[in-house]
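Take a look at the fold below. We will walk through it step by step, from the sheet to a single residue.

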Amino acid sequence: MITYIATFYSHYGAIQFRRNCQTMNLSAEVMPVPRDLSSSCGTCVRFHTESDFPEKTEEVEQIVRVEPQGYVGIYHADEE
């Protein structure tokens, strides 16, 4: 399983994303944002998947893949 972290513009967005993960039977937890990642609300969701991502809402700020050497950007709202 690959580990990802999603950051959000609001705490509500993080909670909704975690619920979407659970609906898809993905392991997900709400946690404080790691120092190396910035976030508007300070809350993120760490989740694990091999393929499908939960639907991105307007609340998702960024999604990164967690690797031993650090974080690899997958999605950033400002780049759309």
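**The sheet and its helix**

Five strands form an open sheet in the order β2-β3-β1-β4-β5, and the pairing is antiparallel. Two strands sit at the edges: β2, residues 28–32, and β5, residues 70–76. Each of these pairs on one side only. From one strand to the next, the twist averages 30 degrees. Keep in mind that this is a predicted model.

Now find helix α1, which spans residues 11–23. Helix α1 packs on the sheet. It touches β1 (2–8), β2, β3 and β4 (60–67). Compare the direction of helix α1 with that of β3: the angle is about 15 degrees.

How many bridges join β2 to β3? There are five, and the two strands run antiparallel. Strand β3 covers residues 43–49. Along this pair, E29 stands opposite R46 in β3.

Follow the chain from β2 towards β3. The loop between these two strands holds S38. Is S38 buried or exposed? The cut-off for exposed is over 50% relative accessible area. S38 has a relative accessible area of 52%, so S38 counts as exposed.

What does S38 contact, leaving aside its neighbours within four places in sequence? The partners are T7, V33, E61 and Q62. Take E61 as one of them. S38 and E61 are 23 residues apart along the chain. Their C-alpha atoms are separated by 9.5 Å.

Conventions
Residues are numbered from 1 along each chain as its sequence is written. This is a predicted model: local features need pLDDT of at least 70, side-chain atom pairs count only at pLDDT 80 or more; totals for chains, interfaces and linings use all residues. Side-chain values use heavy atoms; hydrogens and water are left out. Two strands pair if DSSP finds at least two bridges between them. Helices (H or I, at least four residues) and strands (E, at least two) are DSSP runs, numbered from the N terminus. Axes are lines fitted to C-alpha atoms, for helices over the stretch in contact, and angles run from 0 to 180 degrees between N-to-C directions. Contact means heavy atoms within 4.5 Å. Buried means under 20% relative accessible area, exposed over 50%, partly exposed in between (1.4 Å probe, protein chains only).
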